[in-house]
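The following exercises concern the reading of a protein model, residue by residue. Please inspect the sequence and the structure before turning to the solutions.

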Amino acid sequence: KNCPNDSSRRASAMLARASSAASRVRASVSGTRAFRSSAAPALAAKAPLANPADLSPLKQFFYGRLDGPALFPFPSALSADEREAATALAEPVGKFFADKVNSAQIDWDHKIPEEVMQGLRDLGLFGLQIEERHGGLGLSNTEYARIVEELVTDPSIAVTLMAHQSIGLKGILMFGTEEQKAKYLPKLASGEHMASFCLTEPGAGSDAAGITTRAVPADDGS
């Protein structure tokens, strides 16, 4: 067993070490303050406050300034003529959605009416990025994005059209042979056919790499 004197000595030693550590911390803080006090005039002389207007847009944040034109420039991917054309294409789409699309009714019925689908076909919305030679509008990504701004007013229609043109037919558009493009793209552009991606399985959902179904040639080579 430890005698009381041993416990007292250990306690005294611990207090002494704590006191020594506290003294070192106080000395360090005092030294830092003294350095800052002595160095401040020299630092101020060498590095005067900058004019915020001369700084980069990011540094201006630290001065409470927001350089809007530098941070949010209008996309320059389109020329003036292309912007005018994109606006001309978008206006009838916006009017159609405002006048002909009843989003609440679509949600209630769980179905897009056929007259609305036909209106989408008539506007060319099934072939926005398909080349004109295959019956599409041949829009660039920026022009496509401008039209999509009008589509998203109804999520059901937006998903229908965008899935058709992205995960559906994009593979043919980007990697298909000329024969495949000539065979499939015209009817996809007109909306006569709709493209889809068979993705859901019992063991896979949005994980495309996890699907196990494979397409293999039939005995007749088809």
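Predicted model: local features only at pLDDT ≥ 70, side-chain atom pairs only at ≥ 80, totals over all residues.

Residues are numbered from 1 along each chain as its sequence is written, and side-chain values use heavy atoms, with hydrogens and water left out.

**Exercise 1. Describe the overall make-up of the protein.**

Step 1. Assign the secondary structure, taking helices (H or I, at least four residues) and strands (E, at least two) as DSSP runs numbered from the N terminus. The protein has 10 helices and 0 strands, and its pattern along the sequence reads α-α-α-α-α-α-α-α-α-α.

Step 2. Consider burial, where buried means under 20% relative accessible area, exposed over 50%, and partly exposed in between (1.4 Å probe, protein chains only). Of the 222 residues in the protein, 24% are buried.

Step 3. Consider contacts, meaning heavy atoms within 4.5 Å. Among contacts with a separation of 6 or more, 54% come from residues 24 or more positions apart.

Step 4. Consider the surface, with areas from the Shrake-Rupley method and a 1.4 Å probe; for residues, only the protein chains shown count as cover. The protein exposes about 15700 Å², of which carbon and sulfur atoms supply 59%.

**Exercise 2. Identify the nonpolar cores and the elements that build the largest one.**

Step 1. Apply the definition: a nonpolar core is a set of buried Ala, Val, Leu, Ile, Met, Phe, Trp, Tyr and Cys residues joined through side-chain atoms within 4.5 Å. The largest core has 21 residues, and F97, L120, L125, L151 and I157 have the most contacts inside it.

Step 2. Assign the core to elements. Helix 4 (80-100), helix 6 (114-122), helix 7 and helix 8 (155-168) each give two or more residues to this core.

Step 3. Look for a further core. A second, separate one of 7 residues includes I130, L173, L188 and A189.

Step 4. Beyond its neighbours within four places in sequence, L120 is in contact with F96, F97, L125, F126, I157 and L161.

**Exercise 3. Classify the aromatic pair and examine what surrounds it.**

Step 1. Count the pairs. Rings of Phe, Tyr and Trp (its six-membered ring) pair if their centres lie within 6.5 Å; planes under 30 degrees apart count as stacked, over 60 as edge-to-face and the rest as tilted. The structure holds 1 aromatic pair.

Step 2. Classify it. The ring centres of F96 and F97 are 6.0 Å apart and the planes stand at 75°, so the pair is edge-to-face. Both F96 and F97 are buried.

Step 3. E150, in helix 7 (residues 141-151), touches A90, V93, G94 and F97, not counting residues up to four places away in sequence. With a relative accessible area of 18%, E150 is buried.

Step 4. T87 is placed in helix 4, and T87 and I147 are 60 residues apart along the chain, with their C-alpha atoms separated by 8.4 Å. T87 is partly exposed, at 33% relative accessibility.

**Exercise 4. Trace the salt bridges.**

Step 1. Count them. A salt bridge is a side-chain nitrogen of Lys or Arg within 4 Å of a carboxyl oxygen of Asp or Glu, and the whole structure contains 7.

Step 2. Take R121 and E114, whose side chains form a salt bridge (2.9 Å, N to O). R121 is partly exposed at 21%, and E114 is partly exposed at 48%.

Step 3. Take K181 and E131, which form a salt bridge at 3.9 Å, N to O. K181 lies in helix 10 (residues 178-190) and E131 in the loop between helix 6 and helix 7, 50 residues apart. K181 is buried at 9% relative accessibility, while E131 is partly exposed at 22%.

Step 4. Take E178 and R133, whose closest N and O atoms are 3.2 Å apart. E178 lies in helix 10 and R133 in the loop between helix 6 and helix 7, so the pair ties together parts 45 residues apart in sequence. E178 is partly exposed at 44%, and R133 is exposed at 55%.

Step 5. Salt bridges that share partners connect E131, R133, E178 and K181 into one network.

**Exercise 5. Locate a nonpolar surface patch.**

Step 1. Apply the criteria: patches are made of residues with over 30% relative accessible area and no salt bridge, with like charges joined within 9 Å and nonpolar side chains (Val, Leu, Ile, Met, Phe, Trp, Tyr) within 5 Å. L58, F61, F62, Y63, L66, L71 and F72 make a nonpolar patch of about 820 Å².

Step 2. L66 lies in the loop between helix 2 (57-60) and helix 3 (68-71), and L66 is exposed at 56% relative accessibility.
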